[in-house]
Amino acid sequence: MKAFVLNTDSFQVEEIEKPTLQPNHVLVKVQYAALNHRDQWIREGQYAKIRLPAILGSDGCGEVVEVENEKDGHWKGKDVVINPNINWGNNPAFQQKEYQILGMPAQGTLAEYISVPIDRIHLKPAHLSSEQAAAVPLAGLTAYNALFNKGKAESGMQILISGVGGGVAQFAFLFAVAIGAKVYVTSSKSDVIDKCKSLGAINGVNYKEENAIRDLAKSIGGFDIIIDSACGNGMNDLIATLKPGGKFVFYGATKGLPKDLNMRQIFWNHLQIVGSTMGSDADFLSMIAFCDKHKVHPILDKTFDLKDTVVAFDRMKNGDQFGKIIVKI
Ligand SMILES: NC(=O)c1ccc[n+]([C@@H]2O[C@H](COP(=O)([O-])OP(=O)(O)OC[C@H]3O[C@@H](n4cnc5c(N)ncnc54)[C@H](OP(=O)(O)O)[C@@H]3O)[C@@H](O)[C@H]2O)c1
């Protein structure tokens, strides 16, 4: 089968052996995969415990073509999405030590076929095309956990989604709009802000413009929740825009560590700084059900052919995307 393989000195389509089914596994013919920044971090060597060669890709939608156990035969021919969690563990609040994410070291979705345990597959939400559904798993799960479990987002709250052009951020935005929150966004791109306004954001500003976020927050009395993945030195300015008792929930640190943190501001205002990562298997089910119920349509950026996967990765590396970057297998 064809797969996009990352090795020490190459990153290209290669012909490799089709996976053989392990006990209780199913074979999925992948139709579409989606990229996450994790894939790019691994490509750059900036990820823990990298093992090469690797077939990246945590997100995929495809058709079940083989089942190992006859009792699972009813899955054959079904279009499914794959839960990228491996060994989350029993605690819904955080993952256990043995936790892994699909796509390094386990084979990922940037391949014609993938063998996964039967309990990792879920029917594709009926309102989504396979291309749209491929965008959902990792980023949808991360956004869901950050917004609802950690942020405790509710209708009517003033919520800021920062860097809304990102794959996870656009889900956090869509989910927050879906529950009737008052949603504000930041982005480096004015067309992204305009698009979000057309999809339900109340307002948005460019995070690169000095004082823009501060002025926006002042005009509305501050935010109840901020969902962020950039951190870095902009973190103090963001935290300063929270209402007393507000939450800063972050699931990444693309801009690195902040040089300092204004601790007085945090304790005096009873602020919460909350870390979040992916989500449990139960969260995955809740997230898929949420997408179904609210008919959430992920924002797709562009779709690339498997042979153009490097171009797709470079687009994400350069931050040129708005929403999920898809690879047609
Ligand atoms: N913990 C987890 O489970 C988990 C899961 C998924 C992702 N992550 C991490 O979260 C981060 C984002 O992941 P992703 O897959 O969504 O990446 P992505 O699709 O590449 O999006 C990155 C976005 O970050 C935004 N950004 C860049 N600089 C910013 C700044 N100074 N302030 C605010 N926003 C800024 C940009 O938004 P604009 O385009 O709007 O400017 C960009 O589109 C990565 O670091 C990733 O590793 C963690």
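Where is the place of Pro53: in the loop between which two elements?

Modeller: Pro53 sits in the loop between α1 and β4 (59-67). Before I go on, two notes on reading the model. Residue numbers start from 1 along each chain, as its sequence is written. The model is predicted, so local features need pLDDT of at least 70, side-chain atom pairs count only at pLDDT 80 or more, and totals for chains, interfaces and linings use all residues. Helices and strands are DSSP runs numbered from the N terminus (helices: H or I, at least four residues; strands: E, at least two).

Now the bond itself. The peptide bond that leads from Leu52 into Pro53 is cis, with omega near 0 degrees. Most peptide bonds are trans. Met104 and Pro105 are also joined by a cis bond, with omega about 0 degrees. Pro105 lies in the loop between β7 (100-101) and β8 (113-117).

Two other loops have a backbone feature to look at. Asn87 is not a glycine, but its phi is positive, about 60 degrees. Its loop runs between β6 (85-86) and β7. Asn87 counts as exposed because it has 12 C-beta neighbours inside 10 Å. The scale is simple: 20 or more other C-beta atoms within 10 Å of a residue's own means buried, 12 or fewer means exposed, and in between means partly exposed, with C-beta atoms placed from the backbone. Lys152 has a positive phi too, about 55 degrees, and is not a glycine either. Lys152 is in the loop between α3 and β10 (158-161). With 14 C-beta neighbours inside 10 Å, Lys152 is partly exposed.

α1 (37-43) is among the elements that give two or more residues to the shell around the ligand, along with α3 (137-150), α4 (167-178) and β11 (182-187). That shell has 32 residues, and the closest are Gly163, Gly165, Gly166, Ser187 and Gly252. By class, the shell holds 11 nonpolar, 18 polar and three charged residues. Here Ala, Val, Leu, Ile, Met, Phe, Trp, Tyr, Cys and Pro count as nonpolar, Asp, Glu, Lys and Arg as charged, and the others, Gly among them, as polar.

The shell takes at least three residues from each of domain 1 (2-136 + 298-328) and domain 2 (142-275). These bounds come from an automatic or database domain assignment. The centres of the two domains, taken over C-alpha atoms, are 28 Å apart. Seven residues from domain 1 and seven from domain 2 make the contact (two residues are in contact if their C-beta atoms, placed from the backbone, lie within 7 Å). The side of domain 1 that touches domain 2 has three nonpolar, three polar and one charged residues.

Next, the inside. The largest nonpolar core has 99 residues, and those with the most contacts inside it are Val28, Ile159, Ile161, Ala172, Phe173 and Ala176. A core is a set of buried Ala, Val, Leu, Ile, Met, Phe, Trp, Tyr and Cys residues joined through C-beta atoms within 7 Å. Helix α4 gives the most to it, with nine residues. The core draws at least three residues from each domain. Take Ile159: leaving out residues up to four places away in sequence, its contacts include Ala153, Ala176, Val183, Phe223 and Ile227.

Lys195 is in helix α5 (residues 190-198). Lys195 counts as buried, with 20 C-beta neighbours inside 10 Å. Gly245 is in strand β14 (residues 242-250). Gly245 is exposed, with 10 other C-beta atoms within 10 Å.

Last, the whole protein. It has 10 helices and 17 strands. Its radius of gyration, taken over C-alpha atoms, is 20 Å, close to the 20 Å that the globule rule gives for 329 residues, so the protein is as compact as a globular protein of that length. The rule is 2.2 Å times the number of residues to the power 0.38. The C-alpha trace spans about 60 × 40 × 40 Å along its principal axes. Buried residues make up 48% of the 329. Of the contacts between residues at least 6 apart in sequence, 69% join residues at least 24 apart.

How values were computed:
Near = placed C-beta within 6 Å.
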